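User: Hey, I've got a structure open and could use a hand reading it. Can we go through it bit by bit?
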Amino acid sequence: MMAEGIFIYLAAAIVILSVLVITRSNPVHSMITMLVLFFHIAALYVTLNAEFLAAIQVIVYAGAILVLFLFVVLLLNLKEEMVARRYIGPWPLGVLAALGLLVVIVLSLKSFIPGPSGVFTTEVVRAETNTKVLGQILFTEYLYPFEVVSMILLVAIIGAIVLAKKRLRN
Amino acid sequence: MKILTEMPDVTALMPEIVMTCLALVLLMLDLFIRRKEITALLAIVIAAVVGFFLTGSSGTAFSGMFISDGYSSFFKLIFLVSLVLSVLISIRYIKIESVNFGEYYSLMLFSTLGMMLMASAGDIIVLYLGLELMALSLYVLAGFLRHDTKSNEASLKYFLLGAFASAFLLYGTSMIYGLTGTTNLKAIAHYLAANGVAHNPAVMLSVILFVVAFGFKIAAAPFHMWAPDVYEGAPTSVTAFMSVGPKAAGFAVFGRVFLTAFGGLQVDWAGILIPLAILTMAVGNILAISQTNIKRMLAYSSIAHAGYALIGLIAGGGNGVASMMNYLFIYAFMNIGAFGVVIMLRTEGFKGEEITDYEGLAKSHPLAAALMLVFMFSLTGIPPTAGFVGKFYLFMAAVAEGYTWLALVAVIFSAISAYFYLRIVMYMYMKEPKAEVALSTSAPHGIALAVATCAVLLIGVLPSGIIELARAAVAGF
């Protein structure tokens with residue numbers, strides 16, 4: 001009961017905060033709301049026994065990425081941003097489509113049957129500790145995806161450099 | 001405690017490993033290369049080396065996460081062909097656009113690597129990562145003309161909508177993972193069949209979410225909105241590249257996921273894909289008619305071609321999938337060929353992207369007009385070009401599986417497409433030139449166009465070789 005209550009609070013807060021992030025007219029307010037949102041997601045990870053992910057969520061997202069966002073936002077002309085129109089004309093259509101999707105998802109999830117649980121049950125993870133289990137599986141079973149991720153990060157770095165490079169003079 | 005005591009067997013992965021290493025070496029070498037033509041040449045050499053390793057690769061690795069079979073190898077061949085052709089037509093073009101950076105070629109290689117990982121994915125996690133690697137490189141390439149706001153817009157639009165599509169893919173994955181407890185495609189199929197949950201609405205929801213995500217990558221209507229803007233704004237050489245390779249990669253994962261993991265649900269997902277294919281052909285062919293910009297027109301045309309290729313997937317079975325792969329292979333040559341001619345019209349200070357720019361091209365530049373004629377005929381599907389062969393086998397496969405009416409609908413839309421393809425031919429041959437149009441030609445560009453033209457005509461006359469190759473590739477699927 002207690003766990004359910006916490007989940008419902010977190011889920012509701014995440015949805016409301018997400019809506020707030022995209023509806024605030026002041027980008028700085030959006031950023032602050034996003035910070036609160038990230039903390040709620042981290043809390044959700046904690047309830048799922050994923051403490052390591054929760055810590056990463058706070059350190060990487062709330063700590064690093066959001067601060068970067070804030071720097072960028074502060075480079076913008078906030079006064080202009082605040083009067084700029086935030087949505088395109090037919091946004092009610094988008095809301096309607098999203099609500100339709102929600103109905104479909106809720107209806108199909110009614111018949112959802114959870115599949116078999118794997119080797120790493122909560123007990124095993126508790127006994128072995130979170131980080132250790134994650135590290136083990138990441139460097140054995142998921143070694144290949146792990147290596148692919150490194151390529152993705154490399155491309156991201158190259159992309160950032162290319163897009164920030166000086167223009168060639170003719 | 002479980003640790004890796006020995007090196008996992010990676011022989012099946014050799015093409016990907018070679019590609020990764022050489023692409024990284026190229027990235028470093030580029031620092032010392034002044035003439036970027038050499039970088040381009042090295043990129044082509046890398047593609048050739050990877051192609052050489054491709055022939056010896058088969059089997060699975062990393063407990064089924066990586067699958068190298070005929071199916072994946074055929075798609076990788078398409079990716080490498082489109083890579084080489086795109087690099088050849090880029091060399092002069094990116095100089096004219098004054099974005100002659102070596103990273104351009106590295107990013108193309110990384111994008112191709114992502115596609116190769118997608119075609120070989122046996123696990124949804126790897127599939128997703130391959131897709132992101134491909135897409136991330138493309139976002140940067142689409143925005144390569146930093147001084148051009150249209151290119152910026154294309155990049156940002158592609159990025160935002162791509163992220164949106166990824167979210168659908170991940171949501172579908174989480175759904176199927178919750179249901180079956182695995183992300184391995186074969187294990188999913190096995191679990192669905194063994195436990196009688198195949199017709200659970202949650203499975204259908206996950207199928208629909210996958211259709212949305214992959215539909216976005218192949219630019220199928222109603223998930224095509226990004227394509228015209230991105231194709232128009234991106235550098236033309238990148239447009240040529242991303243209208244072929246990533247689309248084929250999208251089809252590769254479409255086929256892999258739907259025929260492996262959801263193989264038992266074919267009736268259900270075919271029911272979703274049929275309206276999608278018809279809508280895609282309708283949107284692509286009808287909206288292409290009203291375009292005045294040739295890049296936008298070719299964007300709608302590429303949407304329409306995704307609709308045709310979907311028919312092969314709907315027909316399913318060895319024949320259907322083989323005809324789809326065969327079509328995508330042919331499409332690579334004819335589409336990059338058409339973009340190759342479009343690029344030639346781009347000279348210093350002249351965009352050459354309006355359809356009216358083609359008026360009287362046959363008088364001023366008969367060879368360029370003749371090449372465009374071949375590609376337009378092929379895209380329409382007029383014999384004796386390869387486009388006809390591709391469509392013929394697609395529609396035959398549909399008829400054989402009992403979708404005669406669907407093949408008829410596709411034929412009707414092909415007839416509509418003749419209007420806007422042949423309009424360009426009409427402009428070139430039956431109108432007087434309005435203004436002097438110069439062409440920017442170069443040797444690599446000529447080679448690319450020659451290869452594309454020869455392939456289109458040769459496959460059009462002697463289709464059996466490529467058909468047999470596609471059939472043999474599917475045999476081991």
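User: Let's start with B:D229. Buried, partly exposed or exposed?

Analyst: B:D229 is partly exposed, because its relative accessibility is 25% and buried would need under 20%. Keep in mind that this is a predicted model.

User: OK. Which residue does B:D229 form a salt bridge with?

Analyst: With B:K157. The closest N and O atoms of the two are 2.7 Å apart. B:K157 sits in helix α6 of chain B and B:D229 in helix α9 of chain B, so the pair ties together parts that are 72 residues apart in sequence.

User: Why can side chains pair up like that?

Analyst: Side chains of opposite charge can pair when their charged atoms come close.

User: What else does B:K157 form a salt bridge with?

Analyst: B:K157 also forms one with B:E153, where the closest N and O atoms are 3.0 Å apart. Both of those residues lie in helix α6 of chain B, four residues apart, or about one turn of the helix.

User: Why would four places apart work in a helix?

Analyst: An α-helix has 3.6 residues a turn, so residues three or four places apart point the same way.

User: And how accessible are B:K157 and B:E153?

Analyst: B:K157 counts as partly exposed at 27% relative accessibility. B:E153 is partly exposed too, with a relative accessible area of 41%.

User: Which residues are linked in that salt-bridge network?

Analyst: The network links B:K150, B:E153, B:K157, B:D229, B:E232 and B:R296. Over all chains, the count comes to 14 salt bridges.

User: Back to helix α9 of chain B. How many of its residues are buried?

Analyst: Seven of its eight residues are buried, so that helix, residues 226-233, is mostly covered. The buried ones are B:W226, B:A227, B:P228, B:V230, B:Y231, B:E232 and B:G233.

User: What do they pack against?

Analyst: They pack against four helices of chain B: α6 (149-180), α8 (201-217), α10 (236-261) and α12 (294-315).

User: New topic: where the chains meet. How many residues of chain B are in contact with chain A?

Analyst: 47 residues of chain B are in contact with 37 residues of chain A. The area buried between the two chains is about 3,800 Å², and carbon and sulfur atoms give 75% of that.

User: How many salt bridges across that interface?

Analyst: Zero, going by the rule used here.

User: What about the second largest pocket? What lines it?

Analyst: That pocket holds about 500 Å³ of space. Its lining has 20 residues, and A:K165, B:D30, B:K36, B:G102 and B:E103 lie nearest the centre. Helix α8 (143-164) of chain A, together with α1 (14-29) and α2 (36-54) of chain B, are the elements that give two or more residues to the lining. The largest share comes from α8(A), with three residues.

User: How do the lining residues divide into nonpolar, polar and charged?

Analyst: Nine are nonpolar, two polar and nine charged.

User: You listed B:K36 and B:D30 there. How far apart are their closest N and O atoms?

Analyst: They are 3.1 Å apart, and the two residues form a salt bridge. B:K36 is buried, with a relative accessible area of 14%, and B:D30 counts as buried at 7%.

User: Last one: where does B:T347 lie?

Analyst: B:T347 is in the loop between α13 (317-344) and α14 (361-364) of chain B. At 13% relative accessibility, B:T347 counts as buried. Leaving aside neighbours within four places in sequence, B:T347 is in contact with B:I96, B:A438, B:L439 and B:S440.

Technical notes
Residues numbered from 1 in each chain as written. Chains lettered and ligands numbered in written order. Predicted model: local features only at pLDDT ≥ 70, side-chain atom pairs only at ≥ 80, totals over all residues. Heavy atoms only, no water. Buried < 20%, exposed > 50% of the residue type's maximum accessible area, 1.4 Å probe, protein only. Contact = heavy atoms within 4.5 Å. 1 Å grid on protein atoms, 1.4 Å probe; cavity = no way out; pocket = protein on both sides within 12 Å on 5 of 7 lines; lining within 4 Å. Points joined across faces, edges and corners; volume = space filled by probe spheres on them. Nonpolar A, V, L, I, M, F, W, Y, C, P; charged D, E, K, R; others polar. Buried area = accessible area lost by both parts, 1.4 Å probe. Salt bridge = Lys/Arg side-chain N within 4 Å of Asp/Glu carboxyl O.
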